[in-house]
Amino acid sequence: MLIFIVLALAIGLFMAWNIGANDVANAMGTSVGSGALTLKQAVLVAAVFEFGGAVLVGAHVTSTIKGGILSPELFAATPDIFMFGMAAALLGAAVWLLVATIFGLPVSTTHSIVGAVVGFGIITVGWGNVNWGTMASIVLSWVVSPLCGGLLAFLTFTFISRKIILSESPYDATVRWAPYLVAVVGFTLSLSILYKGLKNLNLDLSFSVAGPTCLAIGGLLGLSMRVWLKRRHQPTGFSVAAVERLFAGLQVVTACYVAFAHGANDVANAIGPLAGIMQVYQEGTLAAKAPVPIWILGLGGVGIVAGLATYGYKVILTIGHQITTMTPTRGFSAEFGAATTVLAASRLGLPISTTHTLVGAVIGVGFARGLAALNLRVIRNIVTSWVITIPAAGLISVVAFYALRSLFG
Amino acid sequence: MKTVHAIAELFGRSPFGPLVRHTQKVHECVREVKPLIEAFLRKDYEEVERLYDRISDLEHEADTIKRDIRTHLPKSLYLPVNRADMLKYLKEQDAIADTAEDIAVLLTIRRTKIPTALHDEILLLTDKVIETSDLLVKAASELERLQKSVFGGKDAEQVIEQIAQVNQGEYEADKVQTQVSRHLYEVEDELDPISAYFTMKLFRLLGEIANHAENTGDSLDMMLSNQ
């Protein structure tokens with residue numbers, strides 16, 4: 001059994017590695033493309049904030065996904081099957097992610113793991129025990145999450161374009177409006193951490209405490225942005241290029257925001273099933289909710305950073321080089337729209353995908369006339385890859401399950 | 001294996017960079033018209049042939065850029081400007097180079113002697129026409145930068161002002177064309193009918209360059225305001 005546990009940990013690490021190689025890289029590509037971050041800086045930002053998001057907010061989502069699609073109680077009598085199944089699901093999701101990374105497909109880690117869990121669920125406890133309601137919400141999220149991310153990004157870029165780019169003096173308008181944008185980012189970011197977020201650190205703030213605190217944090221950030229902008233303020237005429245340079249700084253903030261939201265939302269995918277396996281191994285029984293030890297979250301974080309450093313940088317570089325028409329104002333809008341949607345969904349426990357949301361956000365910026373050209377034909381291929389993710393990860397997971405059972409069972 | 005990442009693929013190829021390159025190529029064509037006409041007037045037909053080849057090559061290059069832009073504009077590409085306006089713009093701008101080539105062709109097919117009395121005014125007309133094209137290039141070269149400012153704001157206002165100057169340039173070229181045509185008939189006794197026809201045709205083609213420049217400017221204006 002010890003061999004199996006070591007193997008399971010290795011598979012969990014492999015899954016985290018794949019999240020770092022594919023998903024994180026997708027999320028950081030826009031920052032590198034606009035030139036707001038260099039490759040090294042992007043990797044650093046991702047490493048720090050993914051880790052932070054995973055450890056601080058991560059666990060909240062874990063149990064929802066794991067327990068949502070398949071009830072662990074079904075395996076109360078057969079904890080071994082549950083352990084093999086969880087390991088198989090991790091492997092299935094990880095292998096599918098690897099395939100997607102190689103082919104440059106922006107698929108969801110969340111949906112890969114759900115598809116994989118469903119795959120082994122069907123062959124062990126049957127179709128009837130799969131929570132098809134959760135599945136329906138996932139299908140719905142293929143439409144809703146890009147739509148939400150897209151709408152937010154559309155509105156953000158329209159705001160920037162109306163109030164700043166098209167104003168009489170774009171630079172002065174940036175000095176005027178940018179602090180508000182920073183305040184909103186600060187507010188949502190801190191709210192996602194403080195409000196029910198710090199369970200891992202045993203700091204559970206109610207909304208009446210968290211709300212005002214976060215307003216204060218957002219306000220403070222906005223105010224310091226204002227002071228900083230005023231101090232370095234130099235009249236540069238009507239140049240939109242100067243605005244873009246300022247927004248490159250703001251985009252660093254949203255890049256952190258995206259990495260944090262992603263860590264909060266997606267790292268749980270790798271460590272959730274692992275937490276389930278560890279619980280069975282240590283206690284011999286399984287409950288509806290497995291406690292997620294912080295060391296497992298840390299392991300997930302390490303795996304992601306490793307994936308980012310060994311392969312993800314290639315994906316970031318590919319995307320960054322190919323989207324040179326993205327500018328910091330566009331990148332800021334897309335990332336803000338995507339990260340806000342993801343954090344809100346994480347809070348609500350909805351299994352949405354960072355990548356899907358970001359794709360929607362990029363399209364939203366395009367529809368706000370922010371991009372030189374938006375290739376709508378690709379959307380069909382992208383959505384197809386989203387749909388295929390569920391059965392593909394499920395199928396690989398089934399194969400892995402039979403293999404693991406015959407090896408260790 | 002080289003994979004184009006799907007997120008990167010969402011960003012379609014920008015047509016604005018190639019459009020500016022087309023502008024510049026077309027203008028290179030137009031700039032050769034002055035030495036071409038000078039050579040023709042001083043009866044240096046070898047130089048006329050050489051310049052014809054040069055203009056023809058440049059026109060061909062502009063054509064290639066035009067076709068490249070068109071083939072990369074599938075319906076599935078969402079653009080921040082009206083597609084029809086953009087295609088009209090491209091078509092009119094390309095017609096400038098076509099007309100420059102027509103002039104070069106005309107000057108190689110017949111060694112017409114144009115009365116010396118008209119020379120100065122023909123060169124003045126040529127200057128006016130090239131000036132109009134110059135004004136257009138100034139406005140059209142901003143297209144790529146305009147995309148970054150969402151085709152509005154101060155940058156767009158400046159371009160719209162420059163387009164007004166293109167229209168003014170065309171108006172002035174028109175006046176010179178009328179004037180030089182009048183003078184042609186004043187010295188009609190020195191000319192055989194075919195030479196007169198030929199010279200009139202040269203005037204008309206020169207005027208057409210300015211006309212197409214004006215139309216190009218108008219389509220650019222449409223692209224900016226038709227939102």
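**Exercise 1.** Does A:Val125 count as buried, partly exposed or exposed, and why?

*Solution.* The model is predicted, so local features need pLDDT of at least 70 and side-chain atom pairs count only at pLDDT 80 or more, while totals for chains, interfaces and linings use all residues. Residues are numbered from 1 along each chain as its sequence is written, and chains are lettered from A and ligands numbered from 1 in the order in which they are written.

Step 1: recall the cut-offs. A residue is buried if 20 or more other C-beta atoms, placed from the backbone, lie within 10 Å of its own, exposed if 12 or fewer do, and partly exposed in between.

Step 2: apply them. A:Val125 has 18 C-beta neighbours inside 10 Å and therefore counts as partly exposed.

Step 3: A:Val125 belongs to helix 5 of chain A; helices (H or I, at least four residues) and strands (E, at least two) are DSSP runs, numbered from the N terminus. Between A:Val125 and A:Phe75 there are 50 residues in sequence, but 8.5 Å in space, C-alpha to C-alpha.

**Exercise 2.** Describe the packing of helix 5 of chain A against helix 13 of chain A.

*Solution.* Step 1: take the geometry. Helix 5 (residues 109–125) and helix 13 (residues 377–408) of chain A have axes 7 Å apart, at an angle of about 50°. Axes are lines fitted to C-alpha atoms, for helices over the stretch in contact, and angles run from 0 to 180 degrees between N-to-C directions.

Step 1: classify the angle. Angles under 35 degrees count as roughly parallel, over 145 as roughly antiparallel, 65 to 115 as roughly perpendicular and the rest as oblique. Helix 5 of chain A and helix 13 of chain A are therefore oblique to each other.

Step 2: identify the residues. Among those making the contact are A:Gly115 and A:Phe120 of helix 5 of chain A, and A:Trp386 and A:Phe401 of helix 13 of chain A. Two residues are in contact if their C-beta atoms, placed from the backbone, lie within 7 Å.

Step 3: sort them by class. The contact of helix 5 of chain A with helix 13 of chain A has 11 nonpolar, seven polar and no charged residues. Ala, Val, Leu, Ile, Met, Phe, Trp, Tyr, Cys and Pro count as nonpolar, Asp, Glu, Lys and Arg as charged, and the others, Gly among them, as polar.

**Exercise 3.** What is the angle between helix 9 of chain A and helix 10 of chain A?

*Solution.* Step 1: helix 9 (residues 240–283) and helix 10 (residues 294–322) of chain A pack at about 140°, their axes 9 Å apart. That makes helix 9 of chain A oblique to helix 10 of chain A.

Step 1: the residues of this contact of helix 9 with helix 10 of chain A comprise 10 nonpolar, three polar and no charged.

**Exercise 4.** How many residues of chain B are in contact with chain A?

*Solution.* Step 1: 28 residues of chain B touch 37 residues of chain A. Helix 1 of chain B gives the most to this side of chain B, with five residues.

Step 1: by class, the side of chain B that touches chain A has 14 nonpolar, nine polar and five charged residues.

**Exercise 5.** What secondary structure and burial does each chain have?

*Solution.* Step 1: chain A has 13 helices and one strand, whereas chain B has nine helices and one strand.

Step 1: of the 409 residues in chain A, 60% are buried; of the 227 residues in chain B, 46% are buried.
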